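I opened my notebook to go through this one step by step. Here is what I looked up, in the order I jotted it down.

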Amino acid sequence: MSLTKQQINELEQSLLGMKKQLEEQQELRENDESLQESTGEISSVDSHFGDMGSELYDRELAMALDENQEEILEDINQALQRIEEGTYGKCVDTGEEIPYERLKVLPYAKRTVAAQEVADREGKVSDEYEIEEPSFVRKGEGNLEDSRMRTVDEIMDTHGNASNKGEDA
């Protein structure tokens, strides 16, 4: 059953609210980062390694969160575009109707649950980018192999270790 105009309007308002909230969070983070940069230490010479590790962890976490929010913001913008085009609520892969209940929970969903499970299993990250094959696959794991990948035992057999220095190999 197709979405009613009232349902689409409700979902559009939800999307616009999410978009505004994410943009405000990004702006706050950017202002916070510029404040940190302007008041931060010039040198890390007197910093403790533990402090530097914590700071690095915090920065990496913030970057990961930023990236995730950017992806959600992009999905929201795409959903708003689909509303304008009249294709909102239809799966981008199968053309099937996405149930209202799913859209109410995740208004920027672009696939049905079944299509999303297939996309996840196939490694489809977005419409523009698909993972062709895993980066590293061990020998004998399917037809995808990377000859550079070896186990520790294989390396030890070839090169030895500190005690036998390859004498057994």
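**Notes on the chain**

I began with burial: 23% of the 169 residues of the protein chain count as buried (buried means under 20% relative accessible area, exposed over 50%, partly exposed in between, with a 1.4 Å probe and protein chains only). I have to remember that this is a predicted model, where local features need pLDDT of at least 70 and side-chain atom pairs count only at pLDDT 80 or more, while totals for chains, interfaces and linings use all residues. Residues are numbered from 1 along each chain as its sequence is written, and side-chain values use heavy atoms, with hydrogens and water left out.

Next I checked the secondary structure. The protein chain has 5 helices and 0 strands (helices are DSSP runs of H or I with at least four residues, strands are runs of E with at least two, numbered from the N terminus).

Then I looked at contacts (heavy atoms within 4.5 Å). Taking those between residues at least 6 apart in sequence, I found that 48% join residues at least 24 apart.

**Salt bridges**

How many salt bridges does the structure hold? I got 3 (a side-chain nitrogen of Lys or Arg within 4 Å of a carboxyl oxygen of Asp or Glu).

- Lys-110 pairs with Asp-75 at 3.5 Å, N to O. This pair links distant parts of the chain, 35 residues apart: Lys-110 is in the loop between α3 (100–105) and α4 (113–121), and Asp-75 is in helix α2. I noted both Lys-110 and Asp-75 as buried.
- Asp-93 meets Arg-111 at 2.6 Å, N to O. Asp-93 lies in the loop between α2 and α3 and Arg-111 in the loop between α3 and α4, so the pair ties together parts 18 residues apart in sequence. Arg-111 is buried at 2% relative accessible area, whereas Asp-93 is partly exposed at 37%.
- Glu-97 bridges to Lys-90, with the closest N and O atoms 3.0 Å apart. Glu-97 is partly exposed at 28%, and Lys-90 is partly exposed at 33%.

**Annotated region**

I also looked up the UniProt record. Its unreviewed entry marks residues 91–115 as "zinc finger region: dksA C4-type" (positions are in the numbering used here, feature names are shortened, and annotations may be inferred rather than shown by experiment). In the model, the end C-alpha atoms of residues 91–115 lie 8 Å apart, and the span is 36% helix and 0% strand.
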